[in-house]
Amino acid sequence: MLIAQLSDIHVGGSRYRQELLHASISEVNEARPDLVVIAGDLTDDGYPDQYPIAKRELEALECEHIVLVPGNHDARNVGYARFEETFGARDSRLRDRLGGLELALVAVDSSKPDIDEGEIGREHYGWIVDGFEGDADLRVFACHHHLMPVPGTGRERNQVLDAGDVLALLRHCSVDLVLSGHRHVPFVWPVAGMFLVHSGTVSTLRTRGFSHPAYNLIRVDKGRIAIELRIPGGEGQSLGEYPRDWPVDLVARESDLFAEVLVAPPRGRPLAND
């Protein structure tokens with residue numbers, strides 16, 4: 001399976017560069033991915049004139065399966081409502097056989113209106129678990145915000161507020177890939193049976209520690225995951241090729257103290273009443 005991961009397009013921003021987005025889309029179409037994941041910040045301010053431009057540009061993607069989530073910039077100025085009007089639901093699930101693998105994907109809107117901080121929210125936890133139930137060769141979770149700090153991005157201020165709970169939940173669900181953006185720096189964290197893959201900004205000059213606009217191509221088979229960083233119109237470099245078979249003692253899924261509580265919170269009398 002080949003996955004193209006793009007994020008942080010920022011249509012309408014002062015450092016947005018249309019030619020970078022066109023080059024990226026052309027390269028992605030040439031690569032012919034089975035799945036395209038766009039991990040938020042399609043617009044710069046969520047304004048009514050930015051969403052139609054973003055939609056028109058992204059319609060050039062030729063992939064049959066495209067999954068989008070909004071970012072914090074998309075949620076500004078009541079932009080979360082415009083996202084739904086333009087692209088559909090802000091949360092989605094996908095089950096399909098792609099590239100010879102059975103895929104289970106859950107995508108969640110981690111943004112909140114007019115703030116930069118992200119949160120998955122307890123109201124999503126059961127819905128996430130349901131989305132990953134059953135057999136699957138590859139389980140993918142997508143959101144805009146990062147679950148772990150990303151090097152080369154400056155001070156950490158706005159990762160997902162419930163990141164610890166979400167990491168425990170995703171490990172419990174045997175998730176393989178977590179795809180996100182937000183910090184404009186490509187990076188990979190291998191953590192407890194999962195690969196947290198961050199994409200850079202694909203079409204702006206709002207770069208940080210990594211000074212080039214970038215997107216990712218992720219190649220998955222039953223044994224390995226290879227992640228390639230691509231610079232629009234330029235070269236690429238490997239972000240690592242990893243075995244998918246984690247040692248059981250590194251995953252430590254069975255020793256998690258909190259995942260079961262998160263999945264099925266107790267229904268009895270609350271302790272606060274005692």
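Predicted model: local features only at pLDDT ≥ 70, side-chain atom pairs only at ≥ 80, totals over all residues.
The protein has 7 helices and 12 strands (DSSP runs numbered from the N terminus: H or I of at least four residues for helices, E of at least two for strands). Residues are numbered from 1 along each chain as its sequence is written. Local features need pLDDT of at least 70, side-chain atom pairs count only at pLDDT 80 or more, totals for chains, interfaces and linings use all residues, and side-chain values use heavy atoms, without hydrogens and water.

**Overall build**
- The C-alpha trace spans about 60 × 45 × 35 Å along its principal axes.
- Buried residues make up 53% of the 274 residues (buried means under 20% relative accessible area, with a 1.4 Å probe and protein chains only).

**Nonpolar cores**
- The largest nonpolar core has 32 residues (a core is a set of buried Ala, Val, Leu, Ile, Met, Phe, Trp, Tyr and Cys residues joined through side-chain atoms within 4.5 Å).
- Strand β5, residues 101–107, gives the most to this core, with 4 residues.
- A second, separate core of 25 residues includes Val108, Val129, Leu147 and Leu170.
- Leu103 is among the residues with the most contacts inside the largest core (contact means heavy atoms within 4.5 Å).
- Not counting residues up to four places away in sequence, Leu103 touches residues including Met1, Leu35 and Val140.

**Gln5**
- Gln5 lies in strand β1, residues 2–6.
- Gln5 counts as buried because its relative accessibility is 0%.
- The Gln5 side chain reaches the backbone oxygen of Val197 at 3.0 Å.

Methods: Buried < 20%, exposed > 50% of the residue type's maximum accessible area, 1.4 Å probe, protein only. Polar contact = N/O pair within 3.5 Å; in protein donor to acceptor, adjacent residues only side chain to side chain.
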